[in-house]
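Student: I have a structure open and would like to talk it through with you. Could we take it one question at a time?

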Amino acid sequence: MRSLFDRNTWQEIYGSISKNKTRTIITVIGVLWGIFIYIALSGAAKGLDNGFEKVFQTVSMNSMFVWGQSTSMPYDGFKNGRQMQLKLDNVTTIKNRIPEVQYIAPRINLGNFGSEPVLTVRGQKSGTYSINGDYPVYTKIATKGIFDGGRFINDEDIRQARKICVIGERNLKELFEEDENPIGAYIRIGDIYFQVVGVHKIATGVSFDSDSSIFIPFSTFRKLYNSGENVGYLCIAAYDDADVVQVETDIKALLKKIHRVDPKDERAFGSFNLGEAFSKVMGFAQGLTFLSLVVGVATILAGVIGIGNILLISVKERTKELGVRRALGATPREVRSQIIVESVFLTMIAGVMGIILGAGVLALINSLTQDIDMPYSNPTVPIPYVLGALAIMVIMGTLIGLIPAQRAVSIRPIDALREE
Amino acid sequence: MIEIKDLHKSYKMGSNSLHVLKGINFTVDEGELVAIMGSSGSGKSTLLNILGMLDVADSGEYNLDNVPIKNMNETKAAQYRNKFLGFVFQSFNLINYKTALENVALPLYYQRVGRKERQEKALKYLDQVGLKEWAEHLPNELSGGQKQRVAIARAMAAEPKVLLADEPTGALDSTTSYEVMDLIQKINDQGNTILIVTHEQDIANMCKRIVHLKDGVIIEDKKIKQVRAQQYV
């Protein structure tokens, strides 16, 4: 190859590809379309991936919920239809027996699952909200953003059963004046006054709580509503490397043992495995990314093959010209490299245009999905993917170019000139 | 300049082979203007192709400027063609998407001559064939005679030792033919060695020597008194 930086080389290439503009454009469109599909698809898939990631970011991805239902089988002398009630000491048992469990937060509440929400009053304003009795560990499973100046429930609150609460943004709006600092203010929940210690932010994406959930210490709830050792449900987070499905089975088996339920009874305890749901969703997104990769690469390949095909025809058409060039002293190597460089050049031009177009479409998708309630955000294609695609194109362009190039030099100049 | 000894060439046509050149011997000195004549199938084009290193002889010797031409690979042949030979074809064989100037500059490109120098040289040769004003025109904007003159300029641009012309006037009317021959004679007057394959007697008469081929052998090789083409133009 004489030199890729030689102006003459490029003039030769420009000359031969501008000879048939329509054909060149159609050829270029083939690869352009390929890389465009690749960029747009993998970017869109990445957007979905990011979207899901964002939805789940406020929640521990390996978490699940377990609650008591009623038994469906008689066992150990009990009749069926026995109501199951989770107890506080179950928490310790689970934590001790199942090492995969990282955090476990018992919760109890009013206002959800059929129970009446509680009337909450401040001065002339009031509303009915759901009240949750919580432990500080709850925030390890479901992140709670707290506005500046406030805090979530802490261990001391639990120990002393303090009458403090963390309110939501809607509570704040409905119970307080605008610009009023709620921290330190008192609100009446049911018949008892609570001091507000924090305001939690609305979580974007998946959340177990609404913007009007009020959190109070579990111990306070217990005293207030006389719930004793009862627990509404358990929020459990397993370690990142744990098999969440297995952990879920283990926990339920353990609970059945503690509560003397038939091990085969599937109805006694209900559960929802967020980790499993999450991995399904993420698996879907990853599958989509992979699919788009495969489709994109295949489309690029098809485009590059198209270029090879066109160059083959072009070589055939230019047999005579190539013969003349060789009569004038072009070595086979020069002829070959010219055609390969043509192939790579066309591929690259098409590729770069495709990338720009793809990026444009992704930007458009991004701006269109900005305010949409959909798990979709920031559709991007990682730079290594783009570079990879370009590398594939250069390699493929060279390989494909070899075929017509070889064809071009295999024709002897005498035969080329004889051809009319 | 050119020395050929006992040159043989045959083509395979399916199962039988066609013996085209059956022992050609001849020499060409520097500055000669030789016409190779013969009816079609006499082997004159094959001879020219072998001389032009576009084709390879089966046996025999070929020395060009005291360099033996044998066992050449394509790369070597290409370099030799570029250095020693200029080609003029019957159908001009200009590259149709290149301007006259670019066409003339093409052999210089393969000689690795820099762009500027290439342009200057090409323009000089175009001027010599009287087509300086047509430098920026594409071949399809030129007449047949003009195209052949561009082709001659292209063949001359590389400053070859021998100019090989295969029926240079075959596609031209007689007036234009004489114009082209006039040009060829003038180039020959400057001392260039030129070989012309033709089957037209009047074209051959404008050369200095006529070699007559028939059925693959030279049947006649004579020096003649050159007819100047100038008088017909």
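Student: What percentage of the 233 residues of chain B count as buried?

Tutor: Happy to start there, and do keep in mind that this is a predicted model. A residue is called buried when its relative accessible area is under 20%. By that cut-off, the share of the 233 residues of chain B that count as buried is 55%.

Student: How many helices and strands does chain B have, and what part of its accessible surface belongs to carbon and sulfur atoms?

Tutor: The secondary structure of chain B comes to seven helices and 10 strands. Its accessible surface is about 10,100 Å². Of that surface, the part belonging to carbon and sulfur atoms is 45%.

Student: Why are helix 3 and helix 4 of chain B called oblique to each other?

Tutor: Helix 3 (residues 100-110) and helix 4 (residues 115-128) of chain B pack with their axes 8 Å apart, at an angle of about 120°. Angles of 65 to 115 degrees count as roughly perpendicular and those over 145 as roughly antiparallel, with the rest, apart from those under 35, being oblique. The two helices of chain B, helix 3 and helix 4, are therefore oblique.

Student: Which handedness does that crossing have, and how many residues of each class are in the contact?

Tutor: Helix 3 of chain B passes helix 4 of chain B in a right-handed crossing. Residues making the contact include B:Leu101, B:Val104 and B:Leu108 of helix 3 of chain B, with B:Ala122, B:Tyr125 and B:Leu126 among those of helix 4 of chain B. Sorted by class, the contact between these helices of chain B has 10 nonpolar, one polar and two charged residues.

Student: Over in chain A, how do helix 2 and helix 11 cross?

Tutor: The axes of helix 2 (residues 21-56) and helix 11 (residues 332-368) of chain A come within 7 Å and cross at roughly 40°. That angle makes helix 2 of chain A oblique to helix 11 of chain A. The handedness of the crossing between helix 2 and helix 11 of chain A is right-handed.

Student: Is A:Thr347 buried or exposed, and which residues does it contact beyond its neighbours within four places in sequence?

Tutor: A:Thr347 lies in helix 11 of chain A. Its relative accessible area is 0%, so A:Thr347 is buried. Leaving aside neighbours within four places in sequence, A:Thr347 is in contact with A:Val31, A:Val304, A:Ile307, A:Met393 and A:Gly397.

Student: Where does A:Val409 lie, and which residues does it touch, not counting those up to four places away in sequence?

Tutor: A:Val409 lies in helix 12 (residues 383-410) of chain A. With a relative accessible area of 12%, A:Val409 is buried. Not counting residues up to four places away in sequence, A:Val409 touches A:Arg326, A:Pro332, A:Val335 and A:Arg336.

Student: To finish, what is the relative accessibility of A:Gly184?

Tutor: A:Gly184 lies in the loop between helix 6 (169-175) and strand 8 (186-189) of chain A. Leaving aside neighbours within four places in sequence, A:Gly184 is in contact with A:Gln195 and A:Val196. A:Gly184 counts as partly exposed, at a relative accessibility of 31%.

Definitions and conventions. Residues are numbered from 1 along each chain as its sequence is written. Chains are lettered from A and ligands numbered from 1 in the order in which they are written. This is a predicted model: local features need pLDDT of at least 70, side-chain atom pairs count only at pLDDT 80 or more; totals for chains, interfaces and linings use all residues. Side-chain values use heavy atoms; hydrogens and water are left out. Axes are lines fitted to C-alpha atoms, for helices over the stretch in contact, and angles run from 0 to 180 degrees between N-to-C directions. A crossing is left-handed if the near helix is turned anticlockwise from the far one by less than a right angle, and right-handed if clockwise. Contact means heavy atoms within 4.5 Å. Ala, Val, Leu, Ile, Met, Phe, Trp, Tyr, Cys and Pro count as nonpolar, Asp, Glu, Lys and Arg as charged, and the others, Gly among them, as polar. Buried means under 20% relative accessible area, exposed over 50%, partly exposed in between (1.4 Å probe, protein chains only). Accessible areas come from the Shrake-Rupley method with a 1.4 Å probe; for residues, only the protein chains shown count as cover.
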